[in-house]
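Work through the exercises below with the sequence and the model side by side. Try each task before reading its solution.

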Amino acid sequence: MKIRLACEDDAHRLVRLSAQLGYPATVSQMQQRLKTLLHHEDHAIYVAAIGKEVVGWVHVHRCALAIAPTLALIFALAVDENYRRRAIGRKLVEQIEQWARDKGCHSVLVRSNIIRQDAHGFYQHLGYVNIKQSMVFPKSL
């Protein structure tokens, strides 16, 4: 398995993995998102590939905050359901933790839906601590 930065050609596979998390998108939507994010120095998207097949990905964002030291926020982490429990997620998290250190971040923060019990255990196993539960209030513009 190889961890590498994502490229626009990965869009079709990221769409499939995102759908497994419950976040559907079209390939063209993902291509447009990648086109924006891959050139933004405060964002990184890494993929885990076995041969040419992408089996996992993670998106992290460096956040400079007024209320706390700079941190890295994991927006998405997905590992193909057929490849879970093979340390792929752990390797992706280790990669973004190093990226965060290199970017001067003091911590990494991840938010996980309350229904994702397996994910909670995964993050706790890696040393992440649940400090609160939140509500989410989106507003379409």
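**Exercise 1. Classify Y123 as buried or exposed, then describe its ring pairs.**

Step 1. Y123 has a relative accessible area of 9%. Buried means under 20% relative accessible area, exposed means over 50%, and partly exposed lies in between (1.4 Å probe, protein chains only). Y123 is therefore buried.

Step 2. Know where the values come from. This is a predicted model, in which local features need pLDDT of at least 70 and side-chain atom pairs count only at pLDDT 80 or more, while totals for chains, interfaces and linings use all residues. Residues are numbered from 1 along each chain as its sequence is written, and side-chain values use heavy atoms, with hydrogens and water left out.

Step 3. Set the rule for rings. A pair of aromatic rings is described by the distance of the centres and the angle of the planes. Rings of Phe, Tyr and Trp (its six-membered ring) pair if their centres lie within 6.5 Å; planes under 30 degrees apart count as stacked, over 60 as edge-to-face and the rest as tilted.

Step 4. Apply the rule. The structure holds two aromatic pairs. In one, the ring centres of F122 and Y123 are 5.1 Å apart and the planes stand at 70°, so this pair is edge-to-face. In the other, the centres of Y123 and Y128 are 5.9 Å apart with planes at 70°, so this pair is edge-to-face.

Step 5. F122, Y123 and Y128 form a cluster linked by ring pairs. F122 is partly exposed at 25%, and Y128 is buried at 14%.

**Exercise 2. Which residues does G89 contact, leaving aside its neighbours within four places in sequence?**

Step 1. Locate G89. The residue sits in helix α3. Helices (H or I, at least four residues) and strands (E, at least two) are DSSP runs, numbered from the N terminus.

Step 2. Check burial. G89 has 9% relative accessibility, so it counts as buried.

Step 3. List the contacts, meaning heavy atoms within 4.5 Å. With those neighbours set aside, G89 touches V79 and F122. F122 also belongs to the ring cluster.

Step 4. Look along the chain. G89 and A48 are 41 residues apart in sequence, yet their C-alpha atoms are 8.6 Å apart.

**Exercise 3. How many disulfides does the structure hold?**

Step 1. Search for cysteine sulfur atoms within 2.5 Å of each other. The whole structure gives zero disulfides.

Step 2. C63 is buried at 12%, and C7 is partly exposed at 30%.
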